[in-house]
Number of protein chains: 2
Amino acid sequence: MKNKVNRQLDEKLMDQLNYQPFQGAAIGHPVKQRVAPKVRVSTGEDKLVDSLEDVVKKTVKDGMTISFHHHFRNGDFVFNKVMRIIIDLGIKNLTLAPSSLTGVMNELVIEGIKKGAITNITSSGMRGSLGDFISHGNLENPVIFRSHGGRARAIENGEIKIDVAFLGVPNADRLGNANGRFGDAVFGSLGYALMDAQYADQVVLITDNIVPYPNTPASIKQTQVDYVVKVDKVGDPDKIGSGATRFTKDPKELRIAEMVNRVIVNSSYFKNDFSFQTGSGGAALAVTRYLRQSMIDNGIKASFALGGITKPTTDLLKEGLVRRVMDVQDFDKGAADSMHSNPNQQEIDASWYADADNKGAMVDQLDVVILSALEIDTKFNVNVMTGSDGVIRGAVGGHQDAATAKLTIICAPLVRGRIATVTPDVTTIVTPGESVDVLVTEVGIAINPKRTDLIKILSQVPGLPIYTIEELQQLAQKQVGTPKPLEYQDKVVALIEYRDGSIIDQVKQIKD
Amino acid sequence: MKNKVNRQLDEKLMDQLNYQPFQGAAIGHPVKQRVAPKVRVSTGEDKLVDSLEDVVKKTVKDGMTISFHHHFRNGDFVFNKVMRIIIDLGIKNLTLAPSSLTGVMNELVIEGIKKGAITNITSSGMRGSLGDFISHGNLENPVIFRSHGGRARAIENGEIKIDVAFLGVPNADRLGNANGRFGDAVFGSLGYALMDAQYADQVVLITDNIVPYPNTPASIKQTQVDYVVKVDKVGDPDKIGSGATRFTKDPKELRIAEMVNRVIVNSSYFKNDFSFQTGSGGAALAVTRYLRQSMIDNGIKASFALGGITKPTTDLLKEGLVRRVMDVQDFDKGAADSMHSNPNQQEIDASWYADADNKGAMVDQLDVVILSALEIDTKFNVNVMTGSDGVIRGAVGGHQDAATAKLTIICAPLVRGRIATVTPDVTTIVTPGESVDVLVTEVGIAINPKRTDLIKILSQVPGLPIYTIEELQQLAQKQVGTPKPLEYQDKVVALIEYRDGSIIDQVKQIKD
């Protein structure tokens, strides 16, 4: 069985898991029945407890689906606390359904799998030792990778049914009103976790900071919460943000960023009330800086900036160059801090951000998005999931979701070390080429041939080097040569869902 | 069949509608399966249309349940616009399920019933010509009256399944992000309407004020909205608020308010971090003023004020005497205006406010509430639904819900004109006596005998006149005599749900 992007899929597995092959990025107007949680009624009782172990015993049973959010990123203390208890209690056959898995969780996920506590995983991504462990076939069932919007969709239509959500928060009152904005371990928007709070049958908040009742703003509400557990520390503030958002001095990144900005500024989308998502990382931050200057120079203001938010973006808000920041997660402390001082920085949940089966998500309104790539191929398909060695070391994140923007720009270096970024065929397809409009590398740009409008406009920009994607691929190949084809074993270790729930690619066990 | 408060219920009707008799105010810890709407997927399309008629044609079919909110109160232009179209299109057999019905809607509801457009109604209340019309048996099926919390519960568990919600808002963007805080027809909190927005299959926003995208704060979100209809005017600002909130000069009201305040201040609940709900009306506003002074004099600050909010309450917030205002609706423009200037005035939905089948509603946390009564009887049962003539002219509102407070005070004059307020048996029971702690009238107070603690404490307050409820009833009877017993016909014209969904009383057709 091959799907629309020509990927061979394991027919038996597809049948068994009731999956359809990817058939294109269009969503249409299906009518979808949403699901809702079971609620154990509580009338006024205090929910504050101090033993996490007691709560795990009361809530988690063999075979359940449990969830976590990844807003603490590598500063997360919550996941390991809970998983330690689960493993030690001998609970088995859980499905792990976090919004994503960060490196700090790897060790206990691996231990959980080895001891039979975890038998299924769905996540946005995974990296390091866990990606390696999964890629070597050590989990019986395939991991299901979903985009942030795809996870929201799957939760809302019941494909992910969360029995217990363990949600770390930097503050909560005794009944469970909580937000991400105050306390030691602030991370700003609770965007991904809001799905779990709304849809899980049982919701356990874990915090190091009990505040007076009632706590507002209540991103998570007492009506959604069963237990509030007080612990010493929920996270390491220094490791939550991606650190100081310094302007890159890497000349390659600066060159890419400057070219991305020229593509944007010369497109038809760069006009008053345009919208954009830039993301994090050196080049993306640099784009924001160039874009700022272009907006000032041209007297242009944006209607909104979307996505994972960084301080350079909230600075645009403060400056009045952006009217609203629609914030599903904050990548640094500056962006998190801005949230409680600027009412125009609106917290949005993952559904509002990007659920494809919605009455309209923010990504549907996006004019311009800048995304990264581990690999991009001559069909403009993008891989952000596996390395060129076939090992899982990435995350879908919002990549597929935001790529629905009117102008989707992938920025990536032509090669990384001895490895080509632009390839004849990416190792794993996460985002289909039909969603991608322009690739920007340090040597020049390539425009998706179907975007004849962009080719026409951008060809007139003096000094903007335009190549075909095949030319860029050849250039890369010239630099680093042709790699040996990867060899795989038969076992499928992961399935990559497209944002509509179809399968866009599979990842097979690597050969040692 | 008699229920716990000794009311005779029509057994056949109870069976037919699958109702249980009221068995007591305790809620317990049942596990409840929530329901969820069907969503017609929309990816980025503009939702703005200018023909309300087209939208009604597209969305409303015979036999459906349609809903409205009553936040515009008697300034509402939305209900009549929609109902006019529905009647003229000849649509039949609708169930009308608004958060409540205000007088300005009466005429078209009656016309809708006469023409077969409306065959079922559930509401918080009704008054004037409509109450009279229903009380005379002119609707085939009984009206179901529910409290604000009861409606939220019924929507969340599927007893009310809204097919189309028509929600008027003072602002919205082209995709349906909206709030109640800006525009000509502001009313502040959208608390009741948030239930409809979340649970209705189809949501139609109606506004006179299209604002730039994206509109924040988004009390109603684009993910919930199918159509945005632009009309000339959604409401009459002058009739939305209850007008200037002047301090009453009525000596009877002042005497009641002063006594209510003494009851509160001398109770064990008057201490730092206490919470209260006062409501609107002359006496209630006066209570807020007395309470303010007592708080200042005693150095006491409240954790939160709840409920329908008035300017005197938001003034307490501004002054720092109240830490949070938890706001499900605003009774005047002052309270509505305060909402967008004070982040500590938190908008809450009707579920968070008062759903009994919740993981904890605000009313469960309430220390003190002051409520009104049309009648109160010697069992402390309260009627806020029918006049002493048996005609429907009231609303359950939040009465049953807030009466779950630790100290529930009913304030009412002993008699109104030639009619006793304190009676041997109320005409219709809305709130059971077991929820009521103290009655305050202008001649003195009566304490529920089961509250021996309050009797002990309040008996020591110098100059506070304490009677038994029977004594107050006798005093009232002496003033106005004994009325002739009411005569009814057999037909049940309305059922009063308790907040848990059981039936606490029925209303029969009156005899002319």
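Analyst: Happy to! In chain A, 33 residues of domain 1 are in contact with 33 residues of domain 2. Please keep in mind that this is a predicted model.

User: How much area do domain 1 and domain 2 of chain A bury between them?

Analyst: About 2600 Å² is buried between the two domains, and carbon and sulfur atoms account for 57% of it. On the side of domain 1 of chain A, the trio A:Arg181, A:Ser189 and A:Tyr192 supplies 19% of the area that this domain buries against domain 2, more than any other three residues.

User: What makes the meeting of A:Arg181 and A:Glu347 a salt bridge?

Analyst: Set the value against the cut-off. The side chains of A:Arg181 and A:Glu347 come to 3.3 Å, N to O. The limit for an Arg nitrogen and a Glu carboxyl oxygen is 4 Å, so the pair qualifies. The count between domain 1 and domain 2 of chain A is 1 salt bridge. Across that interface there are also 20 residue pairs in polar contact, both residues at pLDDT 80 or more.

User: Which elements of domain 1 of chain A give two or more residues to the side that touches domain 2 of chain A?

Analyst: They are strand 7 (125-126), helix 5 (128-135), helix 6 (148-156) and helix 7 (193-199) of chain A. Helix 6 of chain A gives the most, with 6 residues.

**Strands and their partners**

User: How do you know that strand 17 and strand 23 of chain A pair?

Analyst: Count the bridges. Strand 17 (residues 375-377) and strand 23 of chain A share 2 bridges, in the parallel sense.

User: Why are strand 18 and strand 23 of chain A said to stand at the edges?

Analyst: The open sheet of 3 strands in chain A has the order 18-17-23, with mixed pairing. Strand 18 (382-383) and strand 23 (422-423) of chain A each have a single partner strand, so one side of each has no neighbour in the sheet.

User: What do strand 27 and strand 28 of chain A form?

Analyst: They form a hairpin, with 5 residues between the two strands. Strand 27 (residues 488-497) is joined to strand 28 (residues 503-510) of chain A by 6 bridges in the antiparallel sense, and A:Tyr488 has A:Ile510 as its bridge partner. In the turn, A:Gly501 has a positive phi of about 95 degrees. Strand 27 of chain A also runs parallel to strand 8 (residues 143-145) of chain A, joined by 3 bridges; there A:Phe145 is the bridge partner of A:Ile496.

User: Is A:Gln346 buried or exposed, and how do you know?

Analyst: The relative accessible area of A:Gln346 is 13%. Buried means under 20%, so A:Gln346 is called buried. This residue of strand 15 (residues 345-347) of chain A touches residues in both chains, including A:Trp352, A:Met339, B:Thr216 and B:Pro217.

User: Which residues are buried in helix 3 of chain B?

Analyst: In helix 3 (residues 78-88) of chain B, they are B:Val78, B:Phe79, B:Val82, B:Met83, B:Ile85, B:Ile86 and B:Ile87. Just after helix 3, B:Gly90 takes a positive phi of about 75 degrees.

Technical notes
Residues numbered from 1 in each chain as written. Chains lettered and ligands numbered in written order. Predicted model: local features only at pLDDT ≥ 70, side-chain atom pairs only at ≥ 80, totals over all residues. Heavy atoms only, no water. Pairing = 2+ DSSP bridges. Helix = DSSP H or I, 4+ residues; strand = E, 2+ residues; numbered from the N terminus. Buried < 20%, exposed > 50% of the residue type's maximum accessible area, 1.4 Å probe, protein only. Contact = heavy atoms within 4.5 Å. Buried area = accessible area lost by both parts, 1.4 Å probe. Polar contact = N/O pair within 3.5 Å; in protein donor to acceptor, adjacent residues only side chain to side chain. Lists of a residue's contacts leave out its neighbours within four places in sequence.
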